[in-house]
Structure formats: C-alpha cells, structure tokens
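This briefing covers one protein chain, shown below.

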Amino acid sequence: MVPLSEERRSSTNSGRDAEIHAAADTISVVHHDDPKPQSPQINGREDHDHDQKLREAGSRQTSIAMGDYNGAEYVGLNTIHSPRSNHGRKVSVLPLVFLIFYEVSGGPFGIEDSVNAAGPLLALAGFLIFPLIWSVPEALITAEMGTMFPENGGYVVWVSSALGPFWGFQQGWMKWLSGVIDNALYPVLFLDYLKSGIPALGGGLPRVIAVLAITIFLTYLNYRGLVIVGWVAVLLGIFSILPFVVMGFISIPKLQPKRWLVADIHNVDWNLYLNTLFWNLNYWDSISTLAGEVENPRKTLPTALFYALILVVLGYFFPLLSGTGAIPLQRELWTDGYFSDVAKIIGGVWLRWWIQGAAAMSNMGMFVAEMSSDSFQLLGMAERGMLPEFFAKRSRYGTPLVGILFSASGVLLLSWLSFQEIVAAENFMYCFGMMLEFIAFVRLRMIAPAAPRPYKIPVGTVGAILLCIPPTILIGVVLFFSSVKVMVVSLVAVMLGLILYPCLKQCEKKRWLIFSTSPDLPDFHTSTRENETLVD
C-alpha cells in the first residue's frame, strides 16, 4: 500500500498532476475465453467521436437475466488485470444465500408487531406487496452494482464513483451506523424469546451479563473467518426455518380463513406498521460489502440474491398465515417473541421450546452476518483510503480485526435501547443511505453507460429512474411517520458524519494518521472537482 501523500508528491514531481486529474480512466472488458481485451483502452479526453462510440456501445450492452453471467471480468480502470490477494477461502453460493437471508430476515422473528399495529389482513398484504415495492428493486440494484464493483467497499464505492469521495464517506458512515444499530437488536431479541422460559433474563444484571457474553462469543465467530460464518449461517438457517414448517402442517386442521380478513383501517399504528415491514425487508445491499470475499461474485452474487429473495418472502408469509389463521385474534399480544406462544397453542410446549431455540439461533445468525458486513465495509473503506490504514489490517484468518472490534463496541453501547427505538432509529439512518444509492445507480447509468456490468437490469436510463421511484416514495413515508425523538437523534448522527470527513482529511494532511489505497483495487477517476467523481 502507498500512502496517498506520497502518491500526490510523486504526481507533483512528475509534473503530470493536471494531466491525471483531467484524464478519464480506462474501461476494459475481458472474457474468460479470450485473454485479449475486447475493446482498446480509451482515454476520456480523446476526440468526441471516440467518446460517442463508447456511450453508444454502452447503450447496446446486453441485459442479463438475474442469476446469469455474461463472462465479463472486473478489470482495473487504467490498470492491468491481476489476481487479487488471496486472504483465504472464498464464500460460495449456498453460504452466501443464507448470509443474505440473515442480513435481511433470519426468519419471522420480529414480524409480530405488524399484526399488533394493523391486524392480520394488512400484515399479510404488507409482506406480499412491500417486497415488490422495496425488496425487489433493492435486490436488483445490488446485483447490478455489486457485480460492477465486486469489492469490500460495496455501496461506498458505488456512491464515491458517482458522486465523489465526500458523499461516499457519508454513505459509509450512515450505513455502518445503521448496521451497528441493527446489530444491537439481536441480543435484545435473543433474550426476549428466552425470558418467557428464563424470567431472570428479563432485566437487571443477569440481562446485562447475557448481552455481554452473547456479543463476545459471536464476535469471536466473526474473527475466525467469513467462510465459517457462512456455513454457520446455513446450519442456523435450517434449524430456524424447520419449526415453522412443522407448525404450518400442524395448524392446517385449525385454520379459519375468515381470521385472515380481519382489518380495522381506523385503528392502525402506521408508524409501527411501516417500521416493522421496512426493518424486516431491507438490507439487501449489505451483502455488497462482502463481494471481495465471494467466489466468482459476478455470477454468484445475482444467483444468491435471487434465491434469498424467495426464501425471505416465504419465510415471512407462511408463518404469519399459520399464526393468524389458527388461533383467535388478540392484537395486543402480538409483540416481539409472541410466535413462541403461538407455537404452544398450536402444537404444545415442545413446539414452543423449539421456536424459542430457533429464535435464539436465528438472532445469532443475524448478528454474525451483520457484523461481517459492517466490519468488511470498514476494511473496504480503508483499502480505498477513506479511513486510516489500520482499519485494513486483517487477522490471520483474513478477517478485519479492527472493524470487528469497532462494530462490537457499537453494539454494546446501543444494546440498552428498546426494540422499537432501535428499529425506528436504524430505519431513519438507512433511508438516507438508500437515497444516495438510488442517485448513484441512476447517475452511473447516465455517465458511465459503457462500464462493464456482468449483471445488468434489463431497463434503460428511464427504466432505472422509474425503478427507483416507488422505494423512494416509501422512504419519504417512513421518514414522515418517524417520531421527533428518533428524527433528532438521527439528524445529529448525520451531522457527525459531515464533521468527521474534514477531520479525517486534516489528519491525513498533517500525517497524524496513515491513509493508503490498496494496489490490488482498480482505480476510479476523480475529476478536478472532488464532488464529481466519474467511473469512465
């Protein structure tokens, strides 16, 4: 790694600093069956006709069905293709499916509040309609952008490439903070499901000790390696899903379809309802920060997102169908942890214990998946020179040691908040990050149409804009229903990010901290104006 300050001195000494800032980078697309580039390297400041041909070629790029792969390599912009450093085994399709499953869902634990807020009909409808408005667009954008930039910076690199390093850093700050807030939920949910069987875990010193012990143990799993985390996620996922399959079959004789149709539109807690749906169906983009650790991400990532989307939707809808249709409705009882009581009513004590055990295991899975994403995001930002170099330090298992410790510390600091407060604050922060992602997605379609996209959503620029409109409206609605307390706390957090960026730049300038860019990563062109970075 070369410190950025040395790179700048070298550029100045060579007298080519102006030329470097004025020149665009190179796009090369390499196919597995042809070692030669399919198009010559093109400098962005060459004649207008050549640039026009490049844009026209990009507009004719073939769209690929989700899960398919057009053979395009991720080749450096103005760099020669070279193998990445090998930090150990890579994650394959099946573990990646369950890592995404746990990033987004982890099972129906935590969806009970949707029934409490709006009744069975709106709860069931929400988990069918909401994925079409939110989850599908987010998953599609993640598939395209994640294969376009298959590295650990994920969405930070997307935004930096489209809007510049300042907004890329803000994206990283907001998404990391929302991820840490999200991770603080899982020890809370874990203990909420166990407290009915172990009342001592409901509060006080035993609960504090339990949260600390859980966090330390799961943090150690992340330290041991992402491949281990992936296969742990597979085993935990199977164990978490099975009891709901059993409950579904047992509930069939007791189902009364009329119970599904209960709705009282005048008695809906829209804030709780929308936050519950939003929280349970977002974070599809989180897997992008692990793209550098995935085996053949150009093919594996879209495939895994497709299967994970099906798994998540079915994993919510059918347990909710069984729970609301098999027992009489008491809306006030439907709060987090209530599925264990539903299981006892439907199948008996043994099923209740199984659901509680599955909930505990599920929250462990969500914790390790989220922490992996958060910590590798910090590593990716450090490799891009956005954070000090020590964030890029890996353990002997190839895991981001400092990133894991920072993420675990954040979880411990936030674990005292209530479930509803955590969900609302996290959603507010997440909304800001998603708006930047949508803008970056559309802007890159406009300014870099010829950039290689191994998976491309089969729509043009207008279609890309239309794809982002429904989820953007939904973001506005979620923000509108946020409480004043959550809004104030979240805006303060956003302001901290705005202040943190110039502070880090000052540390870099004064050489108080070492910043460097990994030589293994392709470069993206930074224009003379820092806030107009382009990927050419």
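Predicted model: local features only at pLDDT ≥ 70, side-chain atom pairs only at ≥ 80, totals over all residues.

In which hand, left-handed or right-handed, does α11 pass α14? The crossing of α11 past α14 is left-handed.

**The α11/α14 pair**
- Helix α11 spans residues 226-251 and helix α14 spans residues 339-347.
- Their axes come within 10 Å and cross at roughly 45 degrees.
- α11 is therefore oblique to α14, since an angle is classed as roughly parallel under 35 degrees and as roughly perpendicular from 65 to 115.
- On the α11 side, the contact is made by F244, M247, I250 and S251.
- On the α14 side, F339, V342, A343, I346 and G347 make the contact.

**The chain as a whole**
- The chain contains 19 helices and 2 strands.
- Of its 536 residues, 57% are buried.
- The accessible surface of the chain is about 22,000 Å², and carbon and sulfur atoms account for 67% of that surface.
- Among contacts in the chain with a separation of 6 or more, 85% are between residues 24 or more positions apart.

**T399, in the loop between α15 and α16**
- T399 sits in the loop that links α15 (349-383) to α16 (401-414).
- T399 counts as buried because its relative accessibility is 1%, and the cut-off for buried is under 20%.
- A polar atom of the T399 side chain lies 2.7 Å from the backbone oxygen of Y223.
- Y223 is also one of the residues in contact with T399 when neighbours within four places in sequence are left aside.

**G154, in the loop between α6 and α7**
- G154 belongs to the loop between α6 (120-148) and α7 (155-163).
- Is G154 buried or exposed? With a relative accessibility of 0%, G154 counts as buried.
- Leaving aside neighbours within four places in sequence, the residues in contact with G154 are S288 and T289.
- G154 and M381 are separated by 227 residues in sequence, while their C-alpha atoms are 9.0 Å apart in space.

How values were computed
Residues numbered from 1 in each chain as written. Heavy atoms only, no water. Helix = DSSP H or I, 4+ residues; strand = E, 2+ residues; numbered from the N terminus. Buried < 20%, exposed > 50% of the residue type's maximum accessible area, 1.4 Å probe, protein only. Polar contact = N/O pair within 3.5 Å; in protein donor to acceptor, adjacent residues only side chain to side chain. Contact = heavy atoms within 4.5 Å. Areas by Shrake-Rupley, 256 points an atom, 1.4 Å probe, with all protein chains shown as cover. Axes fitted to C-alpha atoms, helices over the stretch in contact; angles between N-to-C directions. Parallel < 35°, antiparallel > 145°, perpendicular 65-115°, else oblique. Left-handed = near helix turned anticlockwise from the far one by under 90°.
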